[in-house]
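Biologist: Please take a close look at the aromatic rings and how they pair up.

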Amino acid sequence: MDEQEPHDAQVDTNKIIEERRAKLQALRAQGNPFPNDFRRDRLAADLQREYGERDNPALEADPVRVAVAGRMVLKRVMGKASFATLQDMSGRIQLYVSNDGTGEDTHAAFKHWDLGDILGAEGTLFKTRTGELTVKVSRLRLLSKALRPLPEKFHGLADQEQRYRQRYVDLIVTPETRRTFQARSRVIQSLREFFVARAYLEVETPMMQPLPGGAAARPFVTHHNALDMQLYLRIAPELYLKRLVVGGFEKVFEINRNFRNEGISTRHNPEFTMLEFYEAYQDHNYLMDLTEQMLRKAAIDATGAAEVVYQGERIDFAGPYDRLTMPEAIAKYNPQYKLHELSKPEYLKLALAPFEVEVFPTDGVGVLQLKLFEQTTEAKLVQPTFIVAFPTDVSPLARRSDADPGVTDRFELFICGREIANGFSELNDPEDQAERFRAQADAKAAGDEEAMFYDADYIRALEYGLPPTAGEGIGIDRLVMLLTDSPSIRDVILFPHMRPE
RNA sequence: GGGCGGUUAGCUCAGCCGGUAGAGCAGCGGACUUUUAAUCCGUUGGUCCGGGGUUCGAAUCCCCGACCGCCUACCA
């Protein structure tokens, strides 16, 4: 369907907007109402930090001249003098505008400016009677007229839908939203520092792939016109990153988007950010140690402490974290099950009977354990917990355990009942990998839309020799949710996917 | 996909057992030179999400639909 209707065809409007348009028209008559020749020299938070403690006599004895700019978010007019609160990227600073300071004409014009307008102000600092640091304005300019009114100044924006759809408004009026995304930036910065400090190379691998690989998920499909070929948005970077390890980049990481054509929920967005990293000559046990250090640092860098509170639960990222096999975890959190019985298929099938899970005759012990784990235990793993030794059947890219070929040297990290990380010793045997791809391809042919494709070039890469390698992926959005106490993944994604308005 | 809840002024929200639309903020006009969600006086502003039905009469009750939120399922 072609729906290229012009954007201004359906402009919603109201009396307030009309009045502001009229004000803008009047401004146009006096010159360009969107000047770009004002330069600020200070940010609000810097002023608060540097001069917030200074008393008024000190400020007046040694006048501090400043030029500030920002959005007017509060305004109090009192006749011959007014106060306004300006908000910039760093915080807020109060302005004192008066006939004495700016002259009557400017002050009179200011009275007609609106909340939401962008202003530039020059003046000197002083403290009001109540001790608030304030700029006594000598020059004041309107830099950008806002035509649309801001949400109610006290309650802000409560409508979740509008907060997601119009994030720009949410960011203006909701301090928690600003803090969340600032914390998100610190988390990613922290992770990047962590790897760079360990001599990892940051790389970028294809987002558009001829074969989507590295995970079990339904992909988005697109089309390249010039090549006349189908391409998939990637569901994971894994197979490309391991190709780089073959190439001799023995420590690599990538922080970038994955795309999965699946449901949307408070924990799923169609595009989400993934950290993946690979290190040659290491194994899954090393990864678990590394993960503990990494998450401890990320928590401290994001929040100032290794212990955070998520939705009322205290989460301790300091480590070390529990490391349990699935049967161990099931028995630990569900004493009704006996550990020594949990490796018996008949016992597991009996245990699974009360749950609404499909059990297939082909399910091995490992898969049965996984199903029981998901039903009984996953949600109870509040503190960071590594679950180790995943069944080979559900781990087509992981190295088989030397002790038990039915399981792999793979772990997942659970926090607050959610999977946060997934790591393993990589399968570097090209013949074993080819066999597992064939099994996946068979499953796909049988109708499993999430089964993997057979990736012949990846097999060819393995045939050149992949060193023994450990690799891991961490869902950044879910980690940021935990570190910012956000109940929905949409709260940590600036522009989450929504149905069109 | 299933269940529950929501949608009323630009924003935050009331609106009872069905009787024909309200408040605060914002806006507009006025007073006010140290306010702090400034205050005080006056005042403008509505496709009650959309469509159908019941009724003398629907924001209100019923049905269908849209969108959003939460839970649940699926999704490693």
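**Aromatic pairs up close**

Modeller: Phe 453 is partly exposed, because its relative accessible area is 24%. Buried means under 20%, exposed over 50%, and partly exposed lies in between (1.4 Å probe, protein chains only). This is a predicted model, where local features need pLDDT of at least 70 and side-chain atom pairs count only at pLDDT 80 or more, while totals for chains, interfaces and linings use all residues. Residues are numbered from 1 along each chain as its sequence is written, chains are lettered from A and ligands numbered from 1 in the order written, and side-chain values use heavy atoms, without hydrogens and water.

Now the rings. A pair is described by the distance of the centres and the angle of the planes. Rings of Phe, Tyr and Trp (its six-membered ring) pair if their centres lie within 6.5 Å; planes under 30 degrees apart count as stacked, over 60 as edge-to-face, the rest as tilted. By this rule there are 14 aromatic pairs. One of them joins Phe 194 and Phe 195: the centres are 5.4 Å apart and the planes stand at 85°, so the pair is edge-to-face. Phe 194 is buried, at 3%. Phe 195 is buried too, at 0%.

Tyr 232 and Phe 453 form a tilted pair, 5.7 Å centre to centre, with 50° between the planes. This pair links distant parts of the chain, 221 residues apart. Tyr 232 sits in strand S9 (residues 229-233), and Phe 453 in the loop between helix H14 (430-445) and H15. Helices (H or I, at least four residues) and strands (E, at least two) are DSSP runs, numbered from the N terminus. Tyr 232 is buried, at 11%.

Finally, a group: Phe 194, Phe 195, Tyr 200, Phe 253 and Phe 277 form one aromatic cluster.
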